[in-house]
Amino acid sequence: MGAKVLASTEQLPVGALERTLRERVDGEVRFDAGTRATYATDASNFRQTPIGVVLPRSIEAAVDALAVCAEFGAPVLSRGGGTSLAGECCNAAVIIDWTKYCHRIEWVDAERRRAMVQPGVVLDQLNRAVAPHGLQFGPKPATHGHCTIGGMIGNNSCGASAQAYGKTADNVVRLEVLCYDGTRFWVGEGDDPDAATGRELEIRRGLARLADEYADEIRARFPDIPRRVSGYSLDELLPERGGDLAKVLCGSESTLVTVLRAEVSLVPLVPDRAFVLIGYDSIADAADAVPDIVRHDPLILEGMDDKLIEHERRLGRHDAGLRLLPDGRSWLLVQLGDGDRDAADRRARELVSDLGLAGSDRVAVLDDPEDQRRITAVREDALGATARVPGEHAGWPGWEDAAVPPERLGDYLRDFGRLLDGFGYGRAPIYGHFGHGCVHARIPFELTTERGIADYRRFVERAAHLVTDYGGSLSGEHGDGQARGALLPIMFGDRIMDAFRRTKTLFDPLGRMNPGKLVDAYPVDANLRFGAGFTPLRVERQQFAYPDDGGMFANAAARCVGVGACRDHTGGVMCPSYRATGEEEHSTRGRARLLFEMMTGEPIEDGWRSEAVRDALDLCFSCKGCRSDCPVGVDMATYKAEFLAHHYRGRLRPMAHYTMGWLPLWARLARIAPAPINAITQSRRLHRPVARLAGLEPDRPIPAFAGERFASWYRRRGPRGSGARGEVLLWPDTFTDNLHPGVARAAVEVLEEAGYRVVVPSGALCCGLTWISTGQLGTARRVLARTARRLRPWLDRGVPVIGLEPSCTAVFRADGPELLPRDGDVRLLAQHTRTFAELLDGTDGWRPPGIGGSAVVQPHCHQHSVLGFAADERILQAAGIDATLVGGCCGLAGNFGFEPGHLEVSVAASETELMPAVRAAGAESVVLADGFSCRTQIEHSGSGRQAMHLAELLAAGIRGMPTGPHPEYAIVRRPGHPQSLPPDRRGIRPFIRETEAPPETGSRR
């Protein structure tokens, strides 16, 4: 695990510390191996297992936690979103995680443009709260959906918008801070040093002496550039800077104080913006143009090179945004704002004219908000797009954050490129905040061999000298932590380092606040996440192929780089369980960390039998949202299936694995006598005992079997129509065939009207989905191989296989080839599988019926992550339907919502986006959902709405009927069927990032 630096915690009475914290702190105190594993790393190269984690329920509870830690002499680390790239968010310490409870916006004063926030407030949460006042918090890192204000203060974060609004320190008014010894006071605006007493007075006087003693050295060694984030901001103590102690503490990375509250300043929203994209022959040429563009006062001035763009193209990300780029091999993205659209466009034209590029194919001006959003996403996704790219060595942080004077940026980049070449690292993707001279790069360091680690250490030392020679800063926004802490003497010299140590001693004499970071830092090659001799757990009888991870589950488990996009609460699908619970271990990142720690053997020591890993994965929906939404493509559904296969090998499984997991078998048996089976499962008296016996959630209704399966109906009916367009094989998945056969009947009608001859395979065939999702992969492999073999005659003739249920269709397209990579039949099946919408959208000359009206549309998670939804959107648009697409997950997710203990999380997930949208829809709006789970969740919600499949909607349009389930196809339910969840369990309040009540507004003096 790399060179170990012993922490000063080995003699701590950890058991007594844990007990005392539980007794005296109103919060969650977790010292278990699973939690410690989850918090062992951040987004850096480093790993340190914490002593324990405390999630305080209030600010005062956090104060109590710090007091207990001080009594025991335990190191402490305050943590925000955990996305730090320099290692400042992992340590052998007690971690205080503010994000679950301490995330209130206490008040907003719109008149004075101020807000008071707790440390766990997420930046986007704050901006949503103040947007109605026409305000925003100025700095906006790419992680704005999940980074916290407390974390931004700790790192003095910036982001692209710092070009206009400065660093976090420039936007902080006051801080309430707590020292390790319990001293608590406010710093910032309104400071009155004469009013201080005790330890506060001692600290203030000590800082004043430091400022006097080191003033000349500070002026000489602190670079005068926009992005100096390295070191403590002692320059803010100088009289010409105002002596603002709040600004000194910004960027101190939890090494001096714990921030309890922050009063921040807000800036007006710019109503209209124009984006200018300019292409150049090289990234250094682009940098040379920065000074001329800065004179136009841009809001944002970003740089991107062709290597980054190549990576995004290879990953298939942001295709629409990439098409907006003008000719060139590197680009500058310039954002200009003004009071109205015409003024913004005029400023864009003036910039282009001044640069002599009017009419050039090297320039694109974007004034459409959707295009602006697309190109912004290209830039914001850079970290993920440079970390894990198939066919490329993994890119790592470590030297990803240097800043130089903007006017010298071009020359610096040329020298930096030569340095990379000299170490054999090739061309690392380059991007960053070029208007401030800040450069980001992820470099293919080799961190698992002694030689590779030695090269890494020599490289960062040489790079530190290079940046210092250019008058720059080792860090331009990510902070120092461990990655750059030990390099600071190169930049600042011995005298300033002495001043830093004395500053640390003033606030933290015992050295217990985030020790080993920034000052007296661990060496850059200590505590590495991998390190020389890294040997993960050997996987016997691995189940999936992991083609993008060298064929190894261990590599897949290490794929997460800690970006934390899975902690967003809006947009996309990932990660519904985290959105419902707010627990780190329920995020994709948290689960990936647990799997990684399991593979290392410490602190997860029981390998595949680990109950901590099992419990974290238990609430994974297997929605595959992370497969598409995670910047590095973590596929937790696949990892969960792999884990379950090993965890339960040779052991009894939960009963739900035998009922829901073997649903295709039970469904085939049920066709013999569906009526009496339904009479039992739909009975109010028998439902709950039957559900318990079957290992299902007793408060969740059991779906009724259809009186006649679709396959039986089709054999009786036979094919019809001309078949002028040829044959298609309509796949009778278990859910459609046995539970919602009306969907397939409607699909037959539409396909025949479109000119296809529909064929339906006979016999007991299945995709294996339910066995995959429950980790019964041996059975899944046999079932899928048999199905592909039986379909081979149609596949050989090029007959498309049309899926109606997205989760089953996704098995054919993705899970199957990964589970049976050497099976030619399975590969052929993947190539020929189409969704219902894809077939119709690609049918020349076919047009959907003119339906009109509006629809609330829930794309299935597997449509979002594997299959795509663009064809569905085009069909809806061609049908004249005003479609509102709903994000997030329905919460039922196949077997997940039927398993005991999942009901509350299942309902909470549906309440994040789906059910509010359904309830808000007008009575005339159609609710559209292709997934059986989505339709069932809506039916169970008690909303009174019933969702349709696209096939049902089109069939109704063809017949000229009202858009609703066709009576011929509808499932007739018995009277008294418990269609909705019990009132006492329905509508459970989900975990919400927003404050429980709107923040107070009004004047705050």
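Rings of Phe, Tyr and Trp pair if their centres lie within 6.5 Å. By that rule, Tyr412, Phe416, Phe423, Tyr425, Phe445, Tyr456, Phe459 and Tyr470 form one aromatic cluster. The structure is a predicted model, with an average pLDDT of 92 for the protein.

**Confidence**

- A pLDDT of at least 70 is reached by 95% of the residues.
- In residues 1-7 the pLDDT stays under 50, and the model has 22 contacts there beyond four places in sequence.
- Residues 982-996 also have a pLDDT that stays under 50, and for this stretch the model has 43 contacts beyond four places in sequence.

- Strands of a sheet pair through backbone hydrogen bonds, and the pairing can be parallel or antiparallel.
- Here 6 strands make an open sheet, in the order β15-β12-β14-β13-β16-β17, with antiparallel pairing.
- β15 (363-366) and β17 (438-441) are the edge strands, each with pairing on one side only.
- From one strand to the next, the twist averages 20°.
- Strand β16 (residues 430-433) is joined to β17 by 4 bridges, and the two run antiparallel. Within this pair, His433 stands opposite Cys438 in β17.
- Helix α13 (residues 341-354) packs on the sheet and touches β12 (272-280), β14 (330-338) and β15. The direction of α13 makes about 20° with that of β12.
- Helix α14 (residues 369-380) lies across β12, β13 (300-305), β14, β15, β16 and β17. Helix α14 runs at about 50° to β12.

**Aromatic pairs**

- The whole structure holds 30 aromatic pairs.
- Trp396 and Phe530 are an edge-to-face pair, because their ring planes stand at 70° and planes over 60 degrees apart count as edge-to-face. The ring centres of Trp396 and Phe530 are 5.5 Å apart.
- Trp396 is in the loop between α15 (382-385) and α16 (409-422), while Phe530 is in the loop between α18 (488-507) and α19 (553-557). The pair therefore ties together parts that are 134 residues apart in sequence.
- Phe534 and Phe596 form a stacked pair, with 5.8 Å from centre to centre and 15° between the planes.
- Phe534 lies in the loop between α18 and α19, and Phe596 lies in helix α21 (residues 588-600), so this pair ties together parts that are 62 residues apart in sequence.
- Phe596 is buried, with a relative accessible area of 5%.

**Charges over rings**

- The charged end of Arg388 sits over the ring of Trp396, at 4.6 Å from the ring centre.
- The charged end of Arg174 sits over the ring of Trp186, at 4.3 Å from the ring centre.

**Backbone geometry**

- Most peptide bonds are trans, and most residues other than glycine have a negative phi.
- Met574 and Cys575 are joined by a cis peptide bond, with omega about -10°. Cys575 is in the loop between α19 and α20 (576-581).
- The peptide bond from Glu602 to Pro603 is cis, and its omega is near 5°. Pro603 is in the loop between α21 and α22 (611-618).
- Arg541 is not a glycine, yet it has a positive phi of about 55°. Arg541 lies in the loop between α18 and α19 and counts as exposed at 58% relative accessibility.
- Tyr546 is not a glycine either, and its phi is positive, at about 50°. Tyr546 is found in the loop between α18 and α19 and counts as buried at 5% relative accessibility.

**Arg24 in helix α1**

- Arg24 belongs to helix α1 (residues 14-24) and counts as partly exposed, with 39% relative accessibility.
- Which residues does Arg24 contact, leaving aside its neighbours within four places in sequence? Arg24 is in contact with Asp64, Val68 and Glu71.
- Arg24 and Val68 are 44 residues apart in sequence, and their C-alpha atoms are 8.0 Å apart in space.

How values were computed: Residues are numbered from 1 along each chain as its sequence is written. This is a predicted model: local features need pLDDT of at least 70, side-chain atom pairs count only at pLDDT 80 or more; totals for chains, interfaces and linings use all residues. Side-chain values use heavy atoms; hydrogens and water are left out. pLDDT is the predictor's confidence in each residue, from 0 to 100. Contact means heavy atoms within 4.5 Å. Two strands pair if DSSP finds at least two bridges between them. Axes are lines fitted to C-alpha atoms, for helices over the stretch in contact, and angles run from 0 to 180 degrees between N-to-C directions. Rings of Phe, Tyr and Trp (its six-membered ring) pair if their centres lie within 6.5 Å; planes under 30 degrees apart count as stacked, over 60 as edge-to-face and the rest as tilted. Buried means under 20% relative accessible area, exposed over 50%, partly exposed in between (1.4 Å probe, protein chains only). A charge sits over a ring if NZ of Lys or CZ of Arg is within 6 Å of the ring centre and within 35 degrees of the ring normal.
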